[in-house]
Amino acid sequence: MQTLSGNALVICIFSIILVPLAGTGLALINTGLGRSRSAAHAMLSALCAVAVAAFVYFVIGFAWQGVYGGPAHSFTVAGKSWSWLGADRFMLRGVTFDGSTISLIVCLQFFSVGLAAQIPLGSGADRWRLRAICASSALLAGVTYPLFAHWAWGGGWLSQLGMQFGLGNGFIDVGGAGAIQVVGGLTALSMTWILGARHGKFEPSGMSAAVPGHNTVFVLLGCMLAFLGWLGLDTAGAILFAAAEPTRIVLIAVNNLLAAGTAMVSSVILTGVRFGKPDASLAANGFICGLVAVSCSCAMISPLFAIAIGMVAGLIVPLSVEWLDRLLVDDPGGAISVHAVGGLWGLLAAGLFVHNKPGQWAAQLAGVAALLGVIFPLTYGLNWLLNLVYRQRVSLDGERHGLDMHELGAGAYPESAQSNDFLHH
Amino acid sequence: MKPAGFLLLVAGFVLVASALALLPSAAARNAFMLAGLAVEILGFGLVFRAHLPPRGER
């Protein structure tokens, strides 16, 4: 494990402190894109998801993720070692919180796992029970997240593809496009299927009814806060997982801004052309998708490539949202399009644009295959089993009255009129 | 259809991992990795199709 210089240590700590802003931004976006009668529930769910994820990650998550060079479970095939699960001690025993590299990784991972746990909340909005959210977050923080994080960041087989098989630098995922965003996004997809669509979202003919978010200002403010959080996430990730020099923070910041900005402009243009006027919520999701996609390789690519990544990410979001709508997938927050599809694009883009060693694209392809072939069935299976023992969807009556009144007993906006969109269906 | 889709997803990954572990030639390895990803995409399509609700239940 590398030892950080004085400058790197200070920049890394400052960057890690920024990361919770990404979660704050996501919480505001998910709340704004949901219905007004579930707004307090959405914000409380975000806090609960972060809290439960932190606790479970403390108990077992970090032990199974492990760190590069630490103890791990592995097996040997054709003379090559495959490290598949960390074998550190439970409840962070043995970790000293003294500013060492391991302690900084632990700190960053607590915020990262909380961010990943918040992603599915956008797709399950307006119909996912609070206790079920807590249980599902525990599964993510205890099983799926640590498993893939070990493979990508903890010295697992994906990170060893470069040294063992000569595939580029091994699997690259500086800011967590795969380990945080795609893992969260695939869980979001699983939840939309397990929970089912909101009542009245789809007509019997298959036509989709528009259910606009209740507060676009929350959504756009969330984007601005998330941008700061992503700067911290990508910078800390680059220093801790890619051994980047602290001076790289300049390139990371420029690439983040360019990718997010280009993605948002692409979404604005595309929605403007398709619908006659730009769509604010899709533009906001395009902005986040740009951040998601570039986070994989932000410390290793030139600004021109960041623009290319952002441009594609901005086009992906409106098209993917429309496509999922046609497939009767009800994702109010756009979490699948932004985090799963955008994250997968970011992983593949790193294979295309990071050229310093041959075979990088194959390493990225292996990461994408692992996410789709292992993490997705695993997260779907775990949440499906959870749904068997504890029904995750709220009752029809609860959906009609809103989750605020049904689960919390009080609304977020008690003195203002709330929309009655449910009654129209 | 749903279990078959998930089975294909896992099978695609096994193809990719096997290609990495067993094939020394870069060309063969890349071809098998792409084939594995194609199998996963097929499985993903099946899972999507399996989740389309019947018309009466929408």
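This is a predicted model: local features need pLDDT of at least 70, side-chain atom pairs count only at pLDDT 80 or more; totals for chains, interfaces and linings use all residues.
**Figure 1. A:Met91, an exposed loop residue with a positive phi**. A:Met91 has 11 C-beta neighbours inside 10 Å, so the residue counts as exposed. The residue lies in the loop of chain A that runs between strand S2 (80-86) and helix H4 (101-123). Most residues other than glycine have a negative phi.

**Figure 2. A:Leu92, in the loop between S2 and H4 of chain A**. A:Leu92 also has a positive phi, about 60°, without being a glycine. Is A:Leu92 exposed or partly exposed? Within 10 Å there are 19 other C-beta atoms, so A:Leu92 is partly exposed. The cut-off for a buried residue is 20 or more.

**Figure 3. Helix H5 of chain A, with a bend at A:Leu140**. H5(A) covers residues 130-153. The helix bends by about 40° at A:Leu140. Of its 24 residues, 19 are buried, and H5(A) is mostly covered. Just after this helix comes A:Gly155, where phi is positive at about 85°.

**Figure 4. Helix H12 of chain A, largely enclosed by the rest of the structure**. H12(A) holds 19 residues, 335-353. Because 17 of the 19 are buried, the helix is largely enclosed. A bend of about 25° sits at A:Gly342.

**Figure 5. The contact between chain A and chain B**. On the chain A side, 21 residues take part; on the chain B side, 22 do. Which helix gives the largest share of the chain A side? Helix H13 (residues 360-389) of chain A does, with 10 residues. By class, the side of chain A that touches chain B has 17 nonpolar residues, 2 polar and 2 charged.

**Figure 6. Chain B, more spread out than a compact globule**. Chain B has 2 helices and 0 strands. Its radius of gyration is 15 Å, well over the 10 Å that the globule rule gives for 58 residues, so the chain is more spread out than a compact globule. The C-alpha atoms fill a box of roughly 55 × 15 × 10 Å along the principal axes. Buried residues make up 29% of the 58 residues. Take the contacts in chain B between residues at least 6 apart in sequence: 66% of them join residues at least 24 apart.

**Figure 7. Chain A, in agreement with a compact globule**. Chain A contains 15 helices and 2 strands. A compact globule of 425 residues would have a radius of gyration near 22 Å; chain A has 21 Å, which agrees. The C-alpha trace spans about 60 × 45 × 40 Å along its principal axes. Of the 425 residues in chain A, 62% are buried. For contacts in chain A with a separation of 6 or more, 80% are between residues 24 or more positions apart.

Technical notes:
Residues are numbered from 1 along each chain as its sequence is written. Chains are lettered from A and ligands numbered from 1 in the order in which they are written. Helices (H or I, at least four residues) and strands (E, at least two) are DSSP runs, numbered from the N terminus. A residue is buried if 20 or more other C-beta atoms lie within 10 Å of its own, exposed if 12 or fewer, and partly exposed in between; C-beta atoms are placed from the backbone. The radius of gyration is taken over C-alpha atoms; the globule rule is 2.2 Å times the number of residues to the power 0.38. Two residues are in contact if their C-beta atoms, placed from the backbone, lie within 7 Å. Ala, Val, Leu, Ile, Met, Phe, Trp, Tyr, Cys and Pro count as nonpolar, Asp, Glu, Lys and Arg as charged, and the others, Gly among them, as polar. The expected span of a helix is 1.5 Å times one less than its number of residues. The bend at a residue is the angle between axes fitted to the seven residues ending there and the seven starting there.
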